[in-house]
Amino acid sequence: MTSTSQDTATPHDGTLRILSTTDLAGIEISLEDVVSTVEGAYRTLHAGQSDNPRKLTVKPKDGHSVSYAMLGRDGSREVVAIKTSYKHGLDKGREEQHYYTSLTLYDDVTGLPVAMMDCSRIGSLRTPAVSALLARELAAPGARSALVIGTGTQGRLALPFLLTTLPDLDRLMLSGTHPEGIAAVREQLRTHFPDREVELVTDLRAAAADADVIVATAGGHTPAAVEDSWLKPGALSILVGHGLAPSTLHRADRVIATSEAQMNVTGTDMADAEGKLPAVDSEFPPVLAGLTAGRHTAKERIFAYNSGLVVTDIALGHRFAQLALAQGLGTEVALWQ
């Protein structure tokens, strides 16, 4: 949907509408709507209507923090946006870490600001939606079992989104160690699919050997590391965070990445002994558009790298901005006065 000044912004008077975590938390949106919005962003990018430059990264030598800056333009919505992400305490436990991410949207038709928002909910929805699209396009025919590794932000909605695109999954497995995270995964599954149950697994090797789809979302401190030799023929391994050993990438029959450039920036922990990553066989947008085969045979073991593209944040953020503004949510700040 192309934005207009009437549906996204008030007349420019030097103010910027701020949408807080609380503002966005109360907005209802279906999983199908999220998947459709994200898929549309990929298709627009592949059609050459959007721009998604490589992200900028800053990380101190001791690795205690990491910062990203991402600029992009959604051609179908005619929206320009800047996303920033900062995480501090990578050398500490989860409870001691600090994470801040924001998205600022501008209407490229009127030249007016749309909104600045906390991007945490956008990311918590966008990333598992992309994994679900990867699974829909790359999983072996007849896939029935899925394993999610990790119970943090990205792991909690992984199963509901997978069931949205692969409704025939009948064995849902979870590998995690944090009681609160495990409870949150169960709660999210009950909310969206009340008739489904998740199985908590303790033998990761056995679980991986039975999984048609593995989504690794764990944090950097996880001891989980699924090896290539554990995987069944035809398995699809999707890396979002951590939980897969480098062998699953380097020995894969086929490698797909949402963006090869992004993988080369954020996937260095998967490099081989010489510090190298293999070339990808295809990026995901042409696969989604049907121009490149995602899978050639049912027995190929495929590795998919989900790094996220800012155009998907822009599309979903704009969708939330429209819903928020329709409900009169947000606070106007006199930023440019």
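Colleague: Which residues make the nonpolar surface patch of about 280 Å²?

Modeller: The model is a predicted one. Leu335 is placed in the segment after strand 15 (331–333) and is partly exposed, at 46% relative accessibility. The patch is made by Val333, Leu335 and Trp336.

Colleague: Which residues form the negative surface patch?

Modeller: One member, Glu96, is found in the loop between strand 4 (79–88) and strand 5 (98–107). Its relative accessible area is 44%, so Glu96 counts as partly exposed, as this class lies between 20% and 50%. The residues that form the patch are Asp62, Asp91, Glu95 and Glu96.

Colleague: Is Leu159 buried or exposed?

Modeller: Leu159 lies in helix 5 (residues 158–165). Beyond its neighbours within four places in sequence, Leu159 is in contact with Val148, Leu172, Val185, Leu189 and Val198. Its relative accessibility is 2%, and the limit for burial is under 20%. Leu159 is therefore buried.

Colleague: How many residues apart in sequence are the parts that Arg17 and Glu332 tie together?

Modeller: The side chains of Arg17 and Glu332 meet in a salt bridge at 3.1 Å, N to O. Arg17 lies in strand 1 (residues 16–19) and Glu332 in strand 15, so the pair ties together parts whose separation in sequence is 315 residues.

Colleague: What is the N to O distance in the salt bridge of Asp210 and Arg171?

Modeller: Asp210 is partly exposed, with a relative accessible area of 30%, and Arg171 is partly exposed at 28%. Their side chains meet in a salt bridge, with an N to O distance of 2.5 Å.

Colleague: What is the relative accessible area of Asp228?

Modeller: The side chains of Asp228 and Arg301 meet in a salt bridge at 3.6 Å, N to O. Arg301 lies in the loop between helix 10 (284–288) and strand 14 (302–305), and Asp228 in the loop between strand 10 (213–216) and strand 11 (236–239), so the pair ties together parts that are 73 residues apart in sequence. Arg301 is partly exposed at 22%, whereas Asp228 is buried, with a relative accessible area of 7%.

Colleague: Which residues are linked in a network of salt bridges?

Modeller: The structure holds 14 salt bridges. The residues linked in a network are Glu39, Arg43, Arg136 and Glu137.

Methods: Residues are numbered from 1 along each chain as its sequence is written. This is a predicted model: local features need pLDDT of at least 70, side-chain atom pairs count only at pLDDT 80 or more; totals for chains, interfaces and linings use all residues. Side-chain values use heavy atoms; hydrogens and water are left out. Patches are made of residues with over 30% relative accessible area and no salt bridge: like charges are joined within 9 Å, nonpolar side chains (Val, Leu, Ile, Met, Phe, Trp, Tyr) within 5 Å. Accessible areas come from the Shrake-Rupley method with a 1.4 Å probe; for residues, only the protein chains shown count as cover. A salt bridge is a side-chain nitrogen of Lys or Arg within 4 Å of a carboxyl oxygen of Asp or Glu. Lys and Arg count as positive and Asp and Glu as negative; His and the chain ends are not counted. The place of a charge is taken as NZ of Lys, CZ of Arg, CG of Asp or CD of Glu. Helices (H or I, at least four residues) and strands (E, at least two) are DSSP runs, numbered from the N terminus. Buried means under 20% relative accessible area, exposed over 50%, partly exposed in between (1.4 Å probe, protein chains only). Contact means heavy atoms within 4.5 Å.
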